Amino acid sequence: MKIKVDWGLCDGNGACALEAPMLFELDDDDQLIVLREDFGPELEAPAAAAVRACPKRALRIEV
Amino acid sequence: MQTSSVERFEYDPFSKEVMSNPLPWYKKLRAEYPVYFAEKYDTFIFSRFEDIVELLSQGDNIFIASEQTLPSPEHLMAVRHEGPPPPLPMDPLPRSSNLGSPWYEQLRHAQLKPLRPRSVAGLEELMRRLARERLDELIPQGEFDLTQEYGGMVAASIICHLFDLDFARARDVRDAVNALTITDQEGGGLDIETLVEQLVTIIKPAVEKRRQAGADGSVPLIDGLIDYRFEGRPLTEHEIAMQLICVFVGGTETVPKITAHGLLELSERPDQLQAVREDIDANVPVAVEEMIRFCAPAQWFARTAHKDTVVAGQPIRAGQRVMFLFGSAARDEREFDRPDRFIWNRKIERVLSFGLGQHHCIGLHVARLELRVLVSEFLKRVPEFSFDLSRSTRLPSSFQWGWNSLFVKVNATTESTGGGETS
């Protein structure tokens with residue numbers, strides 16, 4: 001599975017980093033860093049939580 | 001509201017009764033008409049939390065606020081689209097909120113730098129200083145308008161800071177924004193274009209000042225838009241001022257109303273107030289989330305469908321409109337247990353008070369921090385307070401329904417705590 005970010009929508013709110021810190025991080029300028037784009041089923045739950053949590057609806061999971 | 005079994009139920013967001021207290025209508029809409037078609041406006045109205053989530057999760061330029069986020073009833077009745085609406089003229093550039101991707105995102109990002117979480121965290125010291133200074137001025141009066149004189153002045157002062165306006169302009173900023181939204185109580189909705197022009201007269205000089213100073217990034221809110229290129233060209237000062245309206249207006253009215261109304265709810269529930277007071281630093285952020293749910297004044301916004309789509313099983317043709325009732329979502333019994341009860345520490349999984357998706361509140365971090373600061377500084381400084389509702393006003397409003405003025409009587413020492421209190 002792959003994380004897909006709509007970089008136009010992403011505002012660096014960081015809700016994703018709270019739900020899935022193994023996948024998402026904000027840098028010192030509150031810009032999003034995707035730590036790993038590809039992930040396995042063991043991270044599906046936190047990834048899905050991050051997608052739901054994003055207030056900008058900027059995240060998708062591609063299978 | 002009285003309906004007999006013979007009367008047809010009607011929900012008109014611009015009717016005086018609805019504008020005075022929409023909550024009973026929201027309850028009936030959610031229960032019996034979750035997708036309500038207002039034929040005279042060619043608008044589908046959504047009142048349930050989950051359906052509004054579905055609507056606002058649709059990207060791809062399906063919904064654009066090309067007829068304003070807050071259209072007037074006159075416009076909605078006069079204009080119909082048979083199919084996708086024509087594109088807006090782009091010279092002068094419309095406000096970002098009326099545009100779709102990619103321009104909406106570009107214009108939003110040009111303003112975003114000072115509103116990101118870390119930048120906003122750096123404003124806490126200033127917010128606390130402003131709140132304490134304001135309380136020092138107000139407390140000797142014994143009784144004052146909590147909405148306008150406390151939250152109203154602090155929020156407007158933060159806007160002055162973001163716009164590099166002198167703090168002495170805070171009162172003008174506050175009054176100008178209030179003048180915009182107060183006109184809708186007559187039932188005609190807002191004359192957005194006229195009111196926007198009035199705000200431009202305050203904002204435009206701030207833009208000119210930044211251009212003359214070289215827009216070096218030290219006032220990032222404005223400098224970002226000066227640097228921005230729309231299809232290769234810079235924006236005019238007027239266009240930049242128009243883009244800044246959203247931030248200028250956004251926090252000036254909402255945060256003061258939530259602060260004052262939230263403190264009213266606590267004062268009416270002494271057990272809850274006592275619980276919050278037990279650890280102000282830890283508990284106020286929790287109580288603020290319930291205040292955001294319960295007291296957020298923005299009732300609804302609208303969009304125009306630019307493509308055929310479906311929401312909550314309802315087909316919507318390109319050219320038709322939708323309204324989503326945030327004020328109803330906040331009280332949706334499907335989302336919140338006993339939603340009409342203020343419960344300071346209820347578990348809140350999600351909230352729509354800041355919206356969702358593309359237009360999700362750009363000032364959300366400023367708003368949350370201001371609310372935490374305003375409520376905590378007040379509770380620390382004022383051991384006893386009560387409200388005089390007979391002097392207070394909650395004007396009918398189609399979209400910003402809340403306590404325009406809320407008079408509080410305080411029992412507090414007039415000794416200033418200045419910067420002595422740490423938090």
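Analyst: Strand β2 (residues 43-46) of chain B and strand β10(B) pair in the parallel sense, over 4 bridges. Here strands are DSSP runs of E with at least two residues, numbered from the N terminus, and two strands pair if DSSP finds at least two bridges between them. Within that pairing, F44(B) has V322(B) of β10(B) as its bridge partner. This is a predicted model, where local features need pLDDT of at least 70 and side-chain atom pairs count only at pLDDT 80 or more, while totals for chains, interfaces and linings use all residues. Residues are numbered from 1 along each chain as its sequence is written, chains are lettered from A and ligands numbered from 1 in the order in which they are written, and side-chain values use heavy atoms, with hydrogens and water left out.

Now for another neighbour of β10(B). Strand β7 (residues 300-305) of chain B runs antiparallel to β10(B), and 5 bridges join the two.

Buried means under 20% relative accessible area, exposed means over 50%, and partly exposed is in between (1.4 Å probe, protein chains only). As for which way the residues face, R321(B), M323(B) and L325(B) point to one side of β10(B), whereas V322(B) and F324(B) point the other way.
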